[in-house]
Amino acid sequence: MASLQNSLLDHLIFICVSTLLWSIGFGSCAIIDHTLSSRTVALFIFGDSTVDPGNNNYINTIPENQAHYKPYGQNGFFQHPTGRFSDGRIIVDYIADYAKLPLIPPFLQPSVDYTNGVNFASAGAGVLSETNQGLVIDLQTQLKNFEEVQKSLTDKFGEVKAKEVISEAVYFISIGSNDYMGGYLGNPKMQEQYNPEQYVGMVIGNLTQAIQVLYEKGGRKFAFLRLCPLGCLPAFRALNHKASGGGCFEAASALALAHNNALKTVLTSLEYMLKQFKYSNSNFYDWLQDRIDNPYKHGYKDGVNACCGTGPYGGIFTCGGTKEVKDYQLCENADDYVWWDSFHPTERIHEQLAKTLWNGAPSSVGPYNLEELFSVDEEKLTIGYMVDDPEAQDHFSLLK
């Protein structure tokens, strides 16, 4: 009996040692998989007013770039206006909820815990530093702020755990609209320097470099909110009100489409070139256009006018009365509207879009949906996959 017990003990020790060696350098095992599958996946957010939770509350900017006053946030989910350009929540709030994360805090909020991620977005920001320069936190500065978070995580958890958090995290990027609206269409000098194709190429080139930075720092899973039909914003309809039926401003929508098509091409290339690069890309343009054109089909009553604003289509950006023009009108029920203010959709649109990105049809989101990106890859059990691929810089050089 003692001999059998010793034999079983030796066998058990062999299994445990083999499992340990396997887990730290040679593969995966079921025990470690169970541990990883329960691990929280952080969410890091970069972008503009579509995803800004209130970073602009803490900077010196103009009233048009802030939303920490009524009627923003009026639906009661938050106790007071937070700086979100919505009547309530925004898309990343819902995504965090679906991923079983708390609300992701703004980077500039004092005493922020970065464990579950952080939101760097700034209303008015663009891919290009020249867009609303001096009034926003541009994308390059957002990336520098991420470096601070990375260092903080390393100080808190140690290098190995911090790399694990960074590698498993999802990087949500929603930016570009301001580059085309104010940065190009509202900037005659920029239009003189670049034709539309050249300008789109410059924006996409800078966005690609930003993705490169995050990849080289360990990011592997990315989600992108493509641009909406910009010309159909109430603000652009108001500018284009002399057109037949107050139609969309086609020049703006054409730039958005060109941007989206170029981004799609870049992401396809990156997936091919970069090891373990995964991404989710939304067809936000067509998704929102359908709700603008067919509001009743999706439970809305108005896909054209803003709930909060003044002038034609509510397109004069006065919501809240803090801007140069103080007068504004407010609808009775924001849930009936696609547009909350002259530039931004209602909370209900944010919620529907978040559901689509989380587990929607391949026609609306792909090649991965967000639910898949937030699932921990159980095959990756060593820290080696978290270290930057030495071939990555060579691959990126092909894209420049």
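**Exercise 1.** Determine how many residues of helix α6 (residues 177-185) are buried, and identify the helices against which they pack.

Solution. Step 1: helices (H or I, at least four residues) and strands (E, at least two) are DSSP runs, numbered from the N terminus. Step 2: buried means under 20% relative accessible area, exposed over 50%, and partly exposed in between (1.4 Å probe, protein chains only). Step 3: seven of the nine residues of α6 are buried, namely S177, N178, D179, Y180, M181, G183 and Y184. Step 4: with contact taken as heavy atoms within 4.5 Å, these buried residues pack against α7 (188-193), α8 (196-216), α9 (234-239) and α10 (250-273).

This is a predicted model, in which local features need pLDDT of at least 70 and side-chain atom pairs count only at pLDDT 80 or more, while totals for chains, interfaces and linings use all residues. Residues are numbered from 1 along each chain as its sequence is written, and side-chain values use heavy atoms, with hydrogens and water left out.

**Exercise 2.** Classify T318 as buried or exposed, and describe its surroundings.

Solution. Step 1: T318 lies in the loop between β7 (308-309) and β8 (329-330). Step 2: T318 counts as buried because its relative accessibility is 1%. Step 3: residues up to four places away in sequence aside, T318 touches G309, T310, K323, V325, D327 and Y328. Step 4: the T318 side chain reaches the backbone oxygen of D327 at 2.8 Å.

Notes: Polar contact = N/O pair within 3.5 Å; in protein donor to acceptor, adjacent residues only side chain to side chain.
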